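Colleague: I have the coordinates open and would like to walk through them with you. Could you take my questions one at a time?

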Amino acid sequence: MEYSIQVNNLTKKFGDFTSVNNISFDVKKGEIFGLLGANGAGKTTTIRMLCGLLIPTSGTMNVAGFDVFTQGKEIRKHIGYMSQRFSLYEDLSVIENLELFGTIYKLKRDILRKRILQIIARLQMRKYAGSKVEALPLGQKQKLAFATALIHKPEVVFLDEPTSGVDPLVRRDFWNMIYESASEGVTIVVTTHYMDEAEYCNRLCFMNNGKVEIVGNPTDLKIKYQVDNMNDVFHKISHA
Amino acid sequence: MKAFRAILIKEFRHIFRDSRTLVLILTMPIVLVILFGYTIKNEITNTKIAVLDYSHDTYSKLFIEKMTASTYFQIVKVLNSEKEIEQAFQQGLIHMAVVIPRDFEENIIRKKHSEIQLIIDASNINIATTLDSYGRQITFAFQKEINQLLTNMQAFEINVNMQYNSRLESAYMFIPGNIALIMIIVTALMTSITLSREKETGSWRMLAITPVRQLTMVIAKIIPYMIISLICTIIVILLGIFMFKMPMEGSIALLTLVCILFMLTACAIGVLISVFTKTQQVAMILCMLGLFLPALLLSGFIFPIENMPVVIQLISHIIPTKWFIIALKDIMIKGAGLVTVWLPLTILIASTLVLMGLSVKKLISKNV
């Protein structure tokens, strides 16, 4: 089995506060891996460490075949990231944003142009292509951010609550995009507060107070806790 | 390098799209200079002066007549002793006192040493410099007149005595001061705002997970602001020279060096502030309180430092703006070279290195 992410005994402390406490899990290549948990459970901290934005206090991590500690720069070429807040540049146009990130990832000019055309076609954004991103509806913005995170065809993409504040219709659309990417072999790590979205994941990792409570696929988890939806699984785990 | 260029272009796009801010930044130096220039510059007419005439001879009367014949001065008091000079100043009756020594005429004719004393209230430096030059003009004109009679080169000397602020520290100060203020606003303030805006919107994080080094990102981001800051500086200097007759005696290369050093210092401070702040608002407030006010109050720009309490004078030494203004003034007004400005120059280089090092270190060690 090929793994995209391997995490062993990972810990992150902020002063006296232990945000992530000795967690271990693996993510397979092409998997949609959901990180769930209440606010403050340590999901975002975990994702930030995996992206190299935060330095772990202890433990080992391997992302896309590279060691996070010694090969940080290599990893950055092979990961994408999208946060809960829309974080592209509002005063730049759709094309300019895509061009910026494509250039930063050192894509060749002709390849970049082709990808931008693909993305615009896929997102049906032709009429918005030249206008400033601030003019886009929120759902479209989030889809654009996702496409931008994928512009360099990374092996792993991290989505930190990508659909918060987005209406259900757009969320479905968004998840279709996630499935498409996963079917192309992109490994996806996603955090979410929506339990219906958790059902869409291949495997889930529940975190509570900085620890991993349980890892498993949605069906197995429902059977284990003898409930029929993920919401109840979440409650049982959080209040255990 | 490609990434560097991409970020640089992006930053220029931000700046040009926000045209209102750009126009504001570019007109600010003009408004500031004109505002300071015209509020500080004083046309002097009918300034109240006092005369203490020890001679009461023909020449002394001629001299006094000459003084009052101009529209510049108006004699409001005739004094009888030195003591009364101080009193008249204290009561705010006069801005200048003219003292004509004993045997004025006799000494001139016998080619003996004689000197006229101009005592000027220099608490308002700008008025004082103008009074000084007007006083000298009239005295020279008078010398010329009596020289024609006597064919004597130097009939008598003038001794100008500035009271209350003897070194005339802040004359022309507003141009160097304005340069400093504008550099702080454009470089430090804009740098810290643009960096903290990226943090606030989360776009910094998007950039931070790319292979681009943080240092590259920051440098690419601040270069556009440095260019704008340089343009503003040139505007101020040109306005100062052509509109307000600010001298430019020293070397342009040295002036450029000093300006660039201060710009780097301001930049480093801007970066440092952005490291410690999460939002644009906080960055702005920090800039105002931590940079703008000290630069305004403690740099000698508006208030002469030597009139301040010793503690504050000591504090003023650690303000780079003060040294920048001193260097600018020395170069522009006195035409000073490297030898003269070595102290402010060294301090500026040191502060640039220390602050740059610190900000780079903080930036890189700080988690995003």
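Modeller: Gladly! One definition to start with: two residues are in contact if their C-beta atoms, placed from the backbone, lie within 7 Å. Please also keep in mind that this is a predicted model.

Colleague: Thanks. Which elements do the buried residues of H3(A) pack against?

Modeller: Let's begin with how enclosed the helix is. In H3(A), 10 of the 11 residues are buried, so the helix is largely enclosed by the rest of the structure. Among those buried residues are Val94(A), Leu98(A) and Ile104(A). Their packing partners come from both chains: helix H4 (109-122) and helix H5 (138-149) of chain A, together with H1 of chain B.

Colleague: Which residues is Phe101(A) in contact with, leaving aside its neighbours within four places in sequence?

Modeller: Distance along the chain and distance in space are both worth a look here. Tyr200(A) lies 99 residues from Phe101(A) in sequence, and their C-alpha atoms are 29 Å apart. Once the neighbours within four places are set aside, the contacts of Phe101(A) are Thr148(A) and Ile151(A).

Colleague: Which residue just after H3(A) takes a positive phi?

Modeller: H3(A) covers residues 94-104, so to speak of what follows we look just past the helix. There, a positive phi of about 60° belongs to Lys106(A).

Colleague: On the side of chain B that touches chain A, which element gives the most?

Modeller: The contact draws 19 residues from chain B and 22 residues from chain A. On the chain B side, the elements giving two or more residues are helix H1 (2-17) and helix H8 (203-208). By class, that side has eight nonpolar, six polar and five charged residues. The top contributor, with seven residues, is H1(B).

Colleague: Now the six-stranded sheet of chain A. Which strands stand at its edges?

Modeller: This open sheet runs in the order E6-E7-E8-E3-E9-E10, with mixed pairing, and its twist averages 15° from one strand to the next. E6(A) runs parallel to strand E7 (residues 156-160), joined by four bridges, and Ile79(A) stands opposite Val156(A). An edge strand has a single partner, so one side of it is left without a neighbour in the sheet; here those strands are E6 (79-82) and E10 (211-216) of chain A.

Colleague: And in the four-stranded sheet, what is the bridge partner of Asn62(A) in E5(A)?

Modeller: That open sheet has the order E2-E1-E4-E5 in chain A, with antiparallel pairing. Two bridges join strand E4 (residues 58-63) to E5(A). In E5(A), the bridge partner of Asn62(A) is Asp67(A).

Colleague: Last one: how are H10(B) and H11(B) oriented to each other?

Modeller: Helix H10 (residues 252-276) and helix H11 (residues 280-297) of chain B pack with their axes 10 Å apart, and their crossing is right-handed. Ile269(B), Ile273(B) and Ser274(B) in H10(B) meet Ala283(B), Leu286(B), Cys287(B) and Leu291(B) in H11(B). By class, this contact has six nonpolar, one polar and no charged residues. The packing angle is about 130°, which makes H10(B) to H11(B) oblique.

Technical notes
Residues are numbered from 1 along each chain as its sequence is written. Chains are lettered from A and ligands numbered from 1 in the order in which they are written. This is a predicted model: local features need pLDDT of at least 70, side-chain atom pairs count only at pLDDT 80 or more; totals for chains, interfaces and linings use all residues. Two strands pair if DSSP finds at least two bridges between them. Axes are lines fitted to C-alpha atoms, for helices over the stretch in contact, and angles run from 0 to 180 degrees between N-to-C directions. Ala, Val, Leu, Ile, Met, Phe, Trp, Tyr, Cys and Pro count as nonpolar, Asp, Glu, Lys and Arg as charged, and the others, Gly among them, as polar. A residue is buried if 20 or more other C-beta atoms lie within 10 Å of its own, exposed if 12 or fewer, and partly exposed in between; C-beta atoms are placed from the backbone. Angles under 35 degrees count as roughly parallel, over 145 as roughly antiparallel, 65 to 115 as roughly perpendicular and the rest as oblique. A crossing is left-handed if the near helix is turned anticlockwise from the far one by less than a right angle, and right-handed if clockwise.
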